[in-house]
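Please keep the sequence and the model in view while reading.

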Amino acid sequence: MSAGVGRVTLVGGGPGAEHLMTVGALRALADADVVLYDRLAPHERLAELAPRATLINVGKLPGHHPISQRGIELLMVDHARAGAHVVRLKGGDPYVFGRGSEEVIACREAGIPVEVIPGVTSAISVPASAGIPLTHRGVSRLFTVVSGHAPLSEEELEHLAGLGGTLVVLMGVSSLPHLAAGLQRHGAAGDLPVAIIERGYSRQQKTTVSSLADVVTDATLAGVSAPAVLVVGEVVRLAHAGAQDAAEVMRSAELLVENA
Ligand code: SAH
């Protein structure tokens, strides 16, 4: 730990698999004095990746907040003020629903130098882990990533239903009934495919495939729970070899386009 003011590095840790952490993330960890990590950030081998660091779990369980956002920001700033290189390790990318920009602002306001290292976002990688591409020539030329943390407004649902392409929803398990009903109310087809990928890149990874009309029932039957990424769109039909689990679920649901 050096004398004088330290610094903060906000690090995107990717979707949970160590091989999807960036070289920049690993370098920052190797140099860290303090690591503040989240539940969704890869943390199994942190003691080896950040050998000099004090490791602090600031992870939040759904509906349960061990340390408030403000508390995390204060911890970060206090350690940096004491001269530490603080790594704030977050799941996915720090700027995708990760409150990363709030933490950057907190550092700037405190006069602490801060750097952001982007990460592989779950919005793209978790669908990929189930073999689902977000774009495909002739099928989808756009994808929209939304937070399902709070229910979408009627206006948002209307625009999303009209936009087409691929819709990716993070934090969307509990608002899924609202989303599925809302999109259909605004004209989305009931047979539009939906995939729900739970716990991507973990041993408990599970993919459920359904349609907009049936997804609420199917998700209940499958006991779907957070964290999960939802994908709504025709690209779900393209899930293919290389991601055995998605391909198998889809084959049994007769949704799979072979050799697509
Ligand atoms: N900054 C993160 C997202 C934070 S919001 C990122 O870029 O990935 C947290 C949500 O991300 C979860 O509720 C879930 O929807 C999604 N998520 C993150 N990691 C995941 C994983 N390994 N498997 C499934 N969903 C994941």
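**Pocket, core, cavity and helix**

In this predicted model, the second largest pocket has a volume of about 230 Å³. Its lining consists of 19 residues, and those nearest the pocket centre are Gly164, Gly165, Leu192, Val232 and Gly233. Two elements each give two or more residues to this lining, namely α6 (154-163) and β7 (166-170). Of the elements, α6 gives the most, with three residues. By class, the lining of the second largest pocket holds 11 nonpolar residues, seven polar ones and one charged one.

Val232, one of the residues nearest the centre of that pocket, also belongs to the largest nonpolar core. This core has 22 residues, and Val232 is listed with Leu167, Leu176, Leu179, Leu183, Ile196 and Leu212 as having the most contacts inside it. The elements that give two or more residues to the core are α6, β7, α7 (176-185), β8 (193-198), α8 (215-222) and β10 (228-232). The largest share comes from α7, which gives four residues. Leu183 illustrates the packing: leaving aside neighbours within four places in sequence, Leu183 is in contact with Leu157, Leu160, Ala161, Leu167, Ala188, Leu212 and Val232.

Leu179, another of the core residues with the most contacts, also lines the largest cavity. The structure holds one cavity of 30 Å³ or more, and about 50 Å³ of space lies in the largest cavity. Besides Leu179, the lining is made up of Gly148, Ala150, Pro151, Leu152, Val169, Gly172, Ser175 and His178. Five of the lining residues are nonpolar and four are polar, with no charged residue.

The last stop is helix α4, which spans residues 100-109. Which of its residues are buried? They are Gly100, Glu103, Val104, Ala106 and Cys107. An α-helix has 3.6 residues a turn, so residues three or four places apart point the same way. On the face turned away from the buried side, α4 carries Arg108 and Glu109, both exposed. After the helix comes Gly111, which has a positive phi, near 75°.

How values were computed: Residues numbered from 1 in each chain as written. Predicted model: local features only at pLDDT ≥ 70, side-chain atom pairs only at ≥ 80, totals over all residues. Heavy atoms only, no water. 1 Å grid on protein atoms, 1.4 Å probe; cavity = no way out; pocket = protein on both sides within 12 Å on 5 of 7 lines; lining within 4 Å. Points joined across faces, edges and corners; volume = space filled by probe spheres on them. Nonpolar A, V, L, I, M, F, W, Y, C, P; charged D, E, K, R; others polar. Buried < 20%, exposed > 50% of the residue type's maximum accessible area, 1.4 Å probe, protein only. Core = buried A, V, L, I, M, F, W, Y, C linked by side-chain atoms within 4.5 Å. Contact = heavy atoms within 4.5 Å.
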